[in-house]
Protein chains: 4
Amino acid sequence: MISFANDYLEGAHEKVLQRLIETNMEQEHGYGSDSFTKQAIENIKEVIECQDASVRFLVGGTQTNQIVIDALLNKFEGVLAPETGHINVREAGAIEYSGHKVLTLPSVNGKISAHSVKEYLEVFNADETKEHMVLPGMVYISFPTEYGTLYTYEELEDLSRVCHDNQLPLFIDGARLGYGLVSEKSEVTIQDIARFSDVFYIGGTKIGALCGEAVVFTKNNEPKHFISTVKQHGALLAKGRLLGVQFLELFTNNLYFDISQHAVAMSLKIKQAFLDRGYELFFDSPTNQQFIIMTNDQVDKLKQHVSFAIWEKYDNDRMVVRFATSWGTLEKNVDELISYL
Amino acid sequence: MISFANDYLEGAHEKVLQRLIETNMEQEHGYGSDSFTKQAIENIKEVIECQDASVRFLVGGTQTNQIVIDALLNKFEGVLAPETGHINVREAGAIEYSGHKVLTLPSVNGKISAHSVKEYLEVFNADETKEHMVLPGMVYISFPTEYGTLYTYEELEDLSRVCHDNQLPLFIDGARLGYGLVSEKSEVTIQDIARFSDVFYIGGTKIGALCGEAVVFTKNNEPKHFISTVKQHGALLAKGRLLGVQFLELFTNNLYFDISQHAVAMSLKIKQAFLDRGYELFFDSPTNQQFIIMTNDQVDKLKQHVSFAIWEKYDNDRMVVRFATSWGTLEKNVDELISYL
Amino acid sequence: MISFANDYLEGAHEKVLQRLIETNMEQEHGYGSDSFTKQAIENIKEVIECQDASVRFLVGGTQTNQIVIDALLNKFEGVLAPETGHINVREAGAIEYSGHKVLTLPSVNGKISAHSVKEYLEVFNADETKEHMVLPGMVYISFPTEYGTLYTYEELEDLSRVCHDNQLPLFIDGARLGYGLVSEKSEVTIQDIARFSDVFYIGGTKIGALCGEAVVFTKNNEPKHFISTVKQHGALLAKGRLLGVQFLELFTNNLYFDISQHAVAMSLKIKQAFLDRGYELFFDSPTNQQFIIMTNDQVDKLKQHVSFAIWEKYDNDRMVVRFATSWGTLEKNVDELISYL
Amino acid sequence: MISFANDYLEGAHEKVLQRLIETNMEQEHGYGSDSFTKQAIENIKEVIECQDASVRFLVGGTQTNQIVIDALLNKFEGVLAPETGHINVREAGAIEYSGHKVLTLPSVNGKISAHSVKEYLEVFNADETKEHMVLPGMVYISFPTEYGTLYTYEELEDLSRVCHDNQLPLFIDGARLGYGLVSEKSEVTIQDIARFSDVFYIGGTKIGALCGEAVVFTKNNEPKHFISTVKQHGALLAKGRLLGVQFLELFTNNLYFDISQHAVAMSLKIKQAFLDRGYELFFDSPTNQQFIIMTNDQVDKLKQHVSFAIWEKYDNDRMVVRFATSWGTLEKNVDELISYL
């Protein structure tokens, strides 16, 4: 059965695999000090046009969020995040496990505003016993969000400014970064992401790699002894080359963005097909995930042919479902899906 | 320059890579519920002849030690381990980071004895204020040890008995398990390992895989909600297939043991060459690591041609160095190394 | 200046002090194994009419919340609590510091309902990937709440039922327990509290003691090795007698409830005075805290004579302020306060 | 039965109690911002002659060790300590619970040397993969040690120098500080302690108070947001006055040192009595604890009249026992003890 259940259904892009094969028997240093990793870092720094960047590779998204946040926060600090943020709802308490509270802000379409951050800080700072509250120590957002939506240029710029005015590092979760940046609706580039954030990551697991996320500290601000922190979290790969080689290929000849483009094109084709048939969108997503409102009946029928995710109940008769595409989505599968609508 | 610096110098065994390529575009469920993972689990259970086993795949050794120990211990408990154990000296405090003390026992050649465990418990239990001490909650050992040495059948049996008599789960770190089991000096089989332990892991990172360790709970004792624990530690791979596929191939047609055999044969050839030339061994290792005492002069000369690990200072004129082999060691490199002695 | 700023303005009730003096030079065992502690435990068990209870004394409220929650939860679990609950907003992240997420439920007047717990569990259990979410492991409420309000008998009974139907221990924070129970509006007794909850604590710090909270596990359910857990949290008093003696006196001749009565009487007198003068209540509290809406002007004037707490901004012209009474509140101070209105 | 089992057998010195009574009904701010606490801090700063000091009060010794160490260490660091140090053996893993490894150094009579610290650092710094080891972040010692012994002036000076040369804060656990400083064998004063250390604490629980330890950061180095850290650990007393008042009295008119003197005088009288009768000392302690080697027979007989602590087995026929004195020890009890020898 064809599946649009998520964006990690296949292995890796064939060019990524090919590079793994070619480099396989070269003897290399461990723990990220191999030559492939070094070259991948250079390529990424060139693409993001950020000379103050340092780049580190980790294995998965939750791990990356946990480690970056734990490394940046003081022990008595928490992280401001949208109430719908991945770290708040879908990471099994990984942030709290490392000792930090997720301080939630109201979100609209998965996004928070500079205004809500400012307001939170004002209330906090006005409190006479703020020592009894968790000090906000950084801000976390996702680009694109968990709902496929995008911050505008101005929204990001404002968030960045309020963060920097208040010495709060801004961390952008880019698990699906490519799928956001290549969208025609995106007003920002990867260079903007680097400039507006203090740290962000370039998602590989969902975009062409077997696994791997590239963490970029953008302001000469890699935490001291970051490798020890990674090791302490059990996240330091002996064969760091596995990550280095994959990102080296993804950041050679624009591959990362080219394959992201394909995913978004497939996603928009699905969206248009639903719209053409009168379906309602739950979120208007310009990226690789589409959230559609379907009747329970329609869901039951489609489920016989296609795998997709039930997102949540909409009302007694309808539900919100999600169709995700990726670098690996075959156009013939998209056509098949559309044929069932 | 040829290298014997460690046992993770290359990528993966070609058959493992081949299987990744063949399965690459099959759409599969995430987080370890894919069909490859399921088949790999079946194959492993068959090999270890343990019907009460449950098997889970994790990415690396430190991660595995941290998660297994954290999942098995109550919050107020610590883990008994050899003072030279990997968790005590080489994991950047990953165990303590998760809240648990490593309670050290004196070790000889990297090994602890049933007797020392018993003695520790006697002193502990005799203490009138033992509530002020960390309760020992499990026992950790490595097979083979960090020094390449092996527990005898009797040693393991005794350890297992004292652990079970005292309700202490016995955890065997098998980062290099294959290299221990195929040694001619090994008195135990993988079935014995499963029987004597409560949980052990089959190291993949050092034996043929790009990454991956197979955790085996052997006594119908997988901790409740283990997947949540793995996620909470940031260690749940979206593409769990990456681990499943690799272990599926390693546990098809005896590949895991065959490639382990090669590594040990290469290691013994190196050892014999050193002995033939009158060098002294620091440990007498029958597995894939050799610890040799060399003069500073000899070290300096050899370093011009070969990469290897400086272990520790022996005396003012000599040091202990380590040569490691693996599934990927080329015999021509071994011959070249020997030519320099 | 007279103060109603909080309910821990004075030292201890004179009878409590007296008992400390009388017992001062008796040589006693440490760490809570002294004879006073033992007697205090017996007295409390008699009062709460709960034979399955075990009682332990801790020093303060946040400490108690942290330790009880940490001792009851599995590592992968979180605690359900009102979004306005003390553990969520006023404990500097003490729960998260111990590794657990506070899972918030919407609250009305500081209270949550059985219905909202049930609904949370339904959504949680219906989720296909609930392994990625924090497992709810217990429920926390306060009696009285942080806003001085009380659960009705039926509300508590319903909460208790839904908790027990779902194997979720119910924990009642009783930092101000006495002030709730003696209220004329209280529909529940301390015996009800013991019956409905799985663990609760009897607040001493705010009711007559220098410090101290009596934790009561009510269902033969004291966590294994609880003393080790207390020690591990740095909370085991060498001179446990300090807590034992105080609670012994508080639970002799009904002292705890008598002095609570006084505080509530003073509080109601203040409330009536405000109502008589046309002020609006922010919460209608029948216990020892009154939340009044005052204009900024009124606040400024009153502040010249009386100390009280600014709670929050109400609108541009008004704010919510709090007046707290305690066992130590002098009626002449209450009269003085009223004279300024 | 008279007891020398430990140094927390009684309540508080009568003058301390008296001061609590006198100040009892004064309304004061909470959480350590009361006037008594402020005055106590001034008195302590004057006594220690350290203008760069900041002083904070905590409740007990393990709590103090946990919080100070957690506040000073980076997340990836551990604390160097004597293998016999209280934090390593008697605190139920409180340090590890907060995420930090205790890195042990060999100890002689409870003491470590500057040399052993230096050596540890040399080995650590020479390690090529030190990122895999726990970074030493501070040094912990006790004065007097857990065995009643004292560092000489030179030993402390050397330790202090090696610590400062290596940017390692030196933390002195002074649970029994008074009993060490007033000893005739002490070569150091409290001013020296302040000068040599970066942080130390003045033990109150064992010296005249019901509870309480005064933490002194000596080098303008109180960790940022220390109060939040204390609250996060559940250790912030609402009625901070309880600690402030007690230390205010202890540091008025030299009371702390006078009552320490008494304890040591009683201890030396006991020691001399044992020596006169030919008993052997296990440690030669000039402070308030005496460790004596007694035959099993002698122990059994004495136990019928006197309570004391069994320390450890010496050989099959003998054991080490401990007699502790304190500010509260009655000379007639000492005489009675001696009469049984």
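Tutor: Let's start with B:Tyr147, which is buried, with a relative accessible area of 14%. Keep in mind that we are looking at a predicted model.

Student: How do you know whether the rings of B:Tyr147 and B:Trp311 are stacked or edge-to-face?

Tutor: Check two values, because a pair of aromatic rings is described by the distance of the centres and the angle of the planes. Centres have to lie within 6.5 Å, and planes over 60 degrees apart count as edge-to-face. Here the centres are 6.5 Å apart and the planes are at 80°, so the pair is edge-to-face. This pair also links distant parts of the chain, 164 residues apart: B:Tyr147 is in the loop between β5 (135-142) and α7 (153-165) of chain B, and B:Trp311 is in strand β12 of chain B.

Student: What makes the pair of A:Phe57 and A:Phe247 stacked?

Tutor: Planes under 30 degrees apart count as stacked. The planes of A:Phe57 and A:Phe247 are at 25°, with centres 5.1 Å apart, so they pass. A:Phe57 belongs to strand β2 of chain A and A:Phe247 to helix α11 of chain A, so the pair ties together parts that are 190 residues apart in sequence. Both A:Phe57 and A:Phe247 are buried. Over all chains, the structure holds 79 aromatic pairs. In chain A, one aromatic cluster is formed by A:Tyr147, A:Phe282, A:Phe283, A:Phe291, A:Trp311 and A:Tyr314.

Student: How do you know that B:Lys111 lies over the face of B:Tyr151?

Tutor: For the distance part, NZ of Lys has to be within 6 Å of the ring centre, and B:Lys111 is at 5.6 Å from the ring centre of B:Tyr151. Chain D has a case with arginine: the charged end of D:Arg195 sits over the ring of D:Phe196, 5.2 Å from its centre.

Student: How big is the interface of chain D and chain C in buried area?

Tutor: About 4100 Å², with 56% of it on carbon and sulfur atoms. In chain D, the residues that lose the most area to chain C are D:Gln27, D:Tyr97 and D:Lys239, together 19% of what that side buries. By contacts, 47 residues of chain D meet 47 residues of chain C.

Student: What makes chains A and D related as by a two-fold rotation axis?

Tutor: A rotation of 180° with 0.0 Å of shift along its axis superposes chain A on chain D, with an RMSD of 0.0 Å. The two copies are thus related as by a two-fold rotation axis. A:Lys75 comes closest to that axis of the residues of chain A, at 4.0 Å (C-alpha).

Student: Last one, the backbone. What makes A:Asn253 stand out?

Tutor: Most residues other than glycine have a negative phi, and most peptide bonds are trans. Phi of A:Asn253 is near 55°, a positive value in a residue other than glycine. A:Asn253 has a relative accessible area of 71%; exposed means over 50%, so A:Asn253 is exposed. Phi of B:Glu49 is also positive, near 50°, and at 60% relative accessibility B:Glu49 counts as exposed. As for peptide bonds, the one from A:Phe143 to A:Pro144 is cis, with omega near -10°.

Technical notes. Residues are numbered from 1 along each chain as its sequence is written. Chains are lettered from A and ligands numbered from 1 in the order in which they are written. This is a predicted model: local features need pLDDT of at least 70, side-chain atom pairs count only at pLDDT 80 or more; totals for chains, interfaces and linings use all residues. Side-chain values use heavy atoms; hydrogens and water are left out. Rings of Phe, Tyr and Trp (its six-membered ring) pair if their centres lie within 6.5 Å; planes under 30 degrees apart count as stacked, over 60 as edge-to-face and the rest as tilted. Helices (H or I, at least four residues) and strands (E, at least two) are DSSP runs, numbered from the N terminus. Buried means under 20% relative accessible area, exposed over 50%, partly exposed in between (1.4 Å probe, protein chains only). A charge sits over a ring if NZ of Lys or CZ of Arg is within 6 Å of the ring centre and within 35 degrees of the ring normal. Copies are superposed by least squares on the C-alpha atoms of residues with pLDDT of at least 70 in both. Contact means heavy atoms within 4.5 Å. Buried area is the accessible area (1.4 Å probe) that two parts lose on being put together, summed over both.
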